[in-house]
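Dear colleague,

Please find below the structure that I am handing over to you. A summary of what was found in it comes after.

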Amino acid sequence: MAGRTAVNTSTLELMAKHGIKFTILSPYQAKQVRKLGEKEWHDATNAKVDTKKAYIYKLPSGKA
């Protein structure tokens with residue numbers, strides 16, 4: 001059986017509160033991605049993300 005991952009914003013906020021800076025997720029969890037500084041988002045559904053890159057998720061608390 002393949003491994004499964006799950007996350008939501010409140011879990012990421014809690015992890016950030018405790019100093020966790022990196023989380024490995026499934027590429028299937030991304031809906032959209034964009035390069036830093038760009039305004040246009042790109043579809044990432046069905047694992048259309050480059051898994052060799054790190055991505056930043058800016059949390060509502062302001063942490064990234």
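The following paragraphs go from the chain as a whole to its helix and then to a single residue.

Please note that this is a predicted model. The protein chain contains 1 helix and 2 strands, arranged along the sequence in the pattern α-β-β. Its C-alpha trace spans about 40 × 30 × 20 Å along the principal axes. Of the 64 residues of the protein chain, 11% count as buried. The protein chain exposes about 5,900 Å², of which carbon and sulfur atoms supply 56%. Among its contacts between residues at least 6 apart in sequence, 25% join residues at least 24 apart.

In helix 1, the buried residues are L12, E13 and A16. Seen down the axis of helix 1, these buried residues fall within an arc of 105°, so they line one face of the helix. On the other side of helix 1, S10 and K17 are exposed. Just after helix 1, G19 adopts a positive phi of about 85°.

E13 deserves a separate paragraph. This residue lies in helix 1, which covers residues 9–17. E13 is buried but has no salt bridge. K63 is the nearest side chain of opposite charge, at 6.1 Å, whereas a salt bridge requires a distance within 4 Å. What E13 does have is a polar contact of 2.6 Å between its side chain and that of S61. Leaving aside residues up to four places away in sequence, E13 touches L59, P60 and S61.

With kind regards

Technical notes: Residues numbered from 1 in each chain as written. Predicted model: local features only at pLDDT ≥ 70, side-chain atom pairs only at ≥ 80, totals over all residues. Heavy atoms only, no water. Helix = DSSP H or I, 4+ residues; strand = E, 2+ residues; numbered from the N terminus. Buried < 20%, exposed > 50% of the residue type's maximum accessible area, 1.4 Å probe, protein only. Lys, Arg positive; Asp, Glu negative; His and termini not counted. Polar contact = N/O pair within 3.5 Å; in protein donor to acceptor, adjacent residues only side chain to side chain. Contact = heavy atoms within 4.5 Å. Arc of directions from axis to C-beta. Areas by Shrake-Rupley, 256 points an atom, 1.4 Å probe, with all protein chains shown as cover.
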